[in-house]
Amino acid sequence: MTNKTDNIYAAAIDKQSFSFDGQVAEVFPDMIQRSVPGYDQILKNTAKFAERFVTANSHCYDLGCSLGASSLAMSAGIGVNGVKIIGVDNSEAMLARCHHHIDAFKHRTQIELQCGDILACEIENASMVVLNFTLQFIAQPDRAQLLKKIYQGMNPGAVLLLSEKICFENEQDNALMIDLHHQFKRENGYSELEISQKRSLLENVLVPDTLVQHTDRLAAAGFSRSHCWLQQYNFVSIFAIK
Ligand code: GEK
């Protein structure tokens, strides 16, 4: 599988906002690796959570699956039989590539892909649900309802893995974390123009919450406990238990 370099924003562009189109899908593995601190760690540990939480004859969900990296990570960790992983994404361009990706990598657990809105998909008999960097793209008023639906479709003792870009209430701290994130991107070869164009395109598309907003929302949805198990700058991963 070739990993094409993301240079979509290297020259000045006249796009009005960001979308998960064919151009983004084509360079996605490179884009997410170079843009999201901790992404590799999150995938590695997605497998470890799957190893511990996924039960026989249950479902796993990868909501906003993009090219299926989290589905494949879950599959790598699952040691029990009769499990189906369901990957859902509403970008046709992403899902078309996801099919190829999934076929190209060995996986022993069945992976089914659904093209659709995660706000509308059914969740049932779930022992693990992954929302890796997807909730941030859902309209803020819809987030609580989505988490409630996920909670209701999970079996007792099941795990939700929620990874997100976050913001901080204190403006100085927020600016520091954004600055360190941009430095991370520069160190990964992105130019100032690429960083600033991507930042303005994502404005109003990727809307981050604070860590407290996330944990409060998880508690309101019914989760008995949740913890941030990884943080790098303004990127976190949380596990929540039903
Ligand atoms: C990974 N989890 O590599 N319904 C379905 N899909 C959606 C919706 C929606 N309402 N909104 C956005 N998406 C992946 C990375 S990327 C994160 C996830 C990023 C999809 C969107 O099409 C995209 O594929 C994905 O959510 C977010 O572990 O690009 O920062």
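**Notes on the sheet and the ligand site**

1. Let's start at one end of the sheet: β6 and strand β7 (residues 235-241) run antiparallel and are joined by seven bridges. Strands here are DSSP runs of E with at least two residues, helices are runs of H or I with at least four, and both are numbered from the N terminus. Two strands count as paired if DSSP finds at least two bridges between them.

2. A word on the source: this is a predicted model, in which local features need pLDDT of at least 70, side-chain atom pairs count only at pLDDT 80 or more, and totals for chains, interfaces and linings use all residues. Residues are numbered from 1 along each chain as its sequence is written, and side-chain values use heavy atoms, with hydrogens and water left out.

3. Within this pair, Gln 232 sits opposite Phe 235 of β7, and Cys 228 is opposite Ile 238. The hairpin has two residues between its strands, and Tyr 233 takes a positive phi near 55 degrees there.

4. Ser 226 also belongs to β6. Beyond its neighbours within four places in sequence, Ser 226 is in contact (heavy atoms within 4.5 Å) with Thr 215, Leu 218, Ile 238, Phe 239 and Ala 240. Leu 162 is 64 residues from Ser 226 in sequence, with 9.8 Å between their C-alpha atoms.

5. Now for the whole sheet: it is open, with seven strands in the order β3-β2-β1-β4-β5-β7-β6 and mixed pairing. β3 (110-115) and β6 (225-232) are the edge strands, each pairing on one side only. On average, neighbouring strands are turned by 15 degrees against each other, direction ignored.

6. Two helices are worth a look. α3 packs on the sheet and touches β1 (59-63), β2 (84-89), β3 and β4 (126-132), its direction making about 155 degrees with that of β1. Helix α5 (residues 140-153) lies across β1, β4 and β5 (154-165), at about 145 degrees to β5. These angles, from 0 to 180 degrees, are between N-to-C directions of lines fitted to C-alpha atoms, for helices over the stretch in contact.

7. Finally, the ligand. Among the polar contacts (N or O pairs within 3.5 Å), a ligand nitrogen lies 2.8 Å from a backbone N or O atom of Gly 64. A side-chain N or O atom of Asp 117 is 2.9 Å from a ligand nitrogen, and a polar backbone atom of Asn 132 is also 2.9 Å from a nitrogen of the ligand.

Technical notes. Polar contact = N/O pair within 3.5 Å; in protein donor to acceptor, adjacent residues only side chain to side chain.
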